[in-house]
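Hello,

Here is the structure we talked about.

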Amino acid sequence: MIISSCAILMLITVSFSSTSPITDLDEHGVCSLTYLAVPKCASTTFKTVALRLVERLGLNSCPKHCDECSTHTMHGNIRRLKDVSFYKTGDMKGKRKPKSLLLTSVRHPSSRMKNSYFFFRVSRKGEMPSLRSFTDYVSTVGEDFILRYVDPGFCSNNRRTCVKKVVENYDFIFVADRLADSLALMKLLFGLRFSDVLVTASKVSGTFDEFGNKLIKASPVMGLDGYLQSADFLRRYEGDFELYAYVNSVMDAQILSYGDVFNLTRQVVKLYLSVAQNFCSSRVVFPYDLQTGKKNNVSTCIGNSDSGCDIPCLNELSGIIN
């Protein structure tokens with residue numbers, strides 16, 4: 001399928017000076033990859049995909065076709081990382097650099113906020129869940145958290161009119177609520193192998209995070225669901241809701257274009273995700289033991305400690321699959 005440069009969906013053509021979707025990343029000589037990890041948007045899970053993509057593209061050693069290479073997979077507002085993927089001076093100021101990949105993720109604003117509250121306030125600070133505590137947390141987060149986090153600088157005046165422009169500057173946006181869809185679509189768009197999109201679960205309720213805090217499962221709180229549907233909450237995160245809806249509409253359009261090929265790809269991805277979980281679950285090493293909370297030695301961790309330093313295991317499984 002051919003798309004015009006002004007009809008950029010998940011993939012932005014400006015990055016590769018092409019009017020066609022990428023069929024093989026290697027052919028386009030990618031020299032930099034930035035994955036912006038948005039808190040509580042499955043950022044740890046998708047970070048593993050980004051790190052393994054860095055390995056696949058050889059960016060750790062910098063391929064010969066690149067003058068220089070850079071990789072960033074971290075939390076931090078996009079403006080902290082903007083210089084990596086955007087020109088900052090001259091006639092091209094604000095434009096995307098060629099040979100760069102920019103990735104991030106989104107999540108339903110209500111789900112993200114509830115999960116974030118139980119993670120940061122209940123699990124890490126030991127607060128008793130309550131509507132009052134939740135609304136206090138919301139007030140500290142600020143409006144349109146996700147949109148502000150991923151906006152490279154297009155929304156300074158009116159964030160809620162710039163959603164499309166923000167999305168067009170990313171090469172791919174994962175949807176946390178649609179894990180299999182996101183991985184299957186990325187596999188098709190980027191011409192990846194199934195083994196490239198393997199991940200394992202991380203930060204599961206009842207286990208421990210990277211600082212030894214036991215993760216408390218989000219539970220019903222009197223009045224909370226009602227507040228999440230209130231005019232106040234919808235107003236505070238109107239931009240986030242618009243961003244989430246637009247990213248999903250883009251994803252739906254891309255999925256539709258692949259027809260039955262996507263459905264089959266998604267089924268295989270789900271199968272391999274199950275295989276990966278079974279293959280690696282007893283072999284990964286998290287910063288703190290998931291059952292006892294005892295600190296583990298992850299000083300030699302390769303890749304993503306939050307997901308149990310799982311990259312070596314996933315690479316081993318990939319070798320078997322391939």
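**Helix α1**

The buried residues of helix α1 are S43, T44, T45, F46, T48, V49, A50, L51, R52, L53, V54 and L57. That is twelve of its 15 residues, so α1 counts as mostly covered, with buried meaning under 20% relative accessible area. Please keep in mind that this is a predicted model.

How far apart are the end C-alpha atoms of α1? They are 21 Å apart, which agrees with the 21 Å that 15 residues (43–57) should span at 1.5 Å a residue. Just after α1, G58 has a positive phi of about 70°.

**Nonpolar cores**

In soluble globular proteins, nonpolar side chains tend to be buried together. The largest nonpolar core here has 65 residues. Those with the most contacts inside this core are L33, L103, V150, F174, L183, M186 and L243. Another core, of eight residues, lies apart from it and includes L198, A276, V284 and L314.

Leaving aside neighbours within four places in sequence, L183 is in contact with F46, V49, F174, V197, V199, V269 and L273. Two of these, F46 and V49, are also among the buried residues of α1.

**Helices α7 and α10**

The axes of α7 (residues 179–189) and α10 (residues 238–258) come within 11 Å and cross at roughly 60°. That angle makes α7 oblique to α10. The crossing is left-handed. On the α7 side, the contact is made by D181, S182, L185, L188 and L189; on the α10 side, by M251, Q254, I255 and Y258.

Regards

Key. Residues are numbered from 1 along each chain as its sequence is written. This is a predicted model: local features need pLDDT of at least 70, side-chain atom pairs count only at pLDDT 80 or more; totals for chains, interfaces and linings use all residues. Side-chain values use heavy atoms; hydrogens and water are left out. Helices (H or I, at least four residues) and strands (E, at least two) are DSSP runs, numbered from the N terminus. The expected span of a helix is 1.5 Å times one less than its number of residues. Buried means under 20% relative accessible area, exposed over 50%, partly exposed in between (1.4 Å probe, protein chains only). A nonpolar core is a set of buried Ala, Val, Leu, Ile, Met, Phe, Trp, Tyr and Cys residues joined through side-chain atoms within 4.5 Å. Contact means heavy atoms within 4.5 Å. Axes are lines fitted to C-alpha atoms, for helices over the stretch in contact, and angles run from 0 to 180 degrees between N-to-C directions. Angles under 35 degrees count as roughly parallel, over 145 as roughly antiparallel, 65 to 115 as roughly perpendicular and the rest as oblique. A crossing is left-handed if the near helix is turned anticlockwise from the far one by less than a right angle, and right-handed if clockwise.
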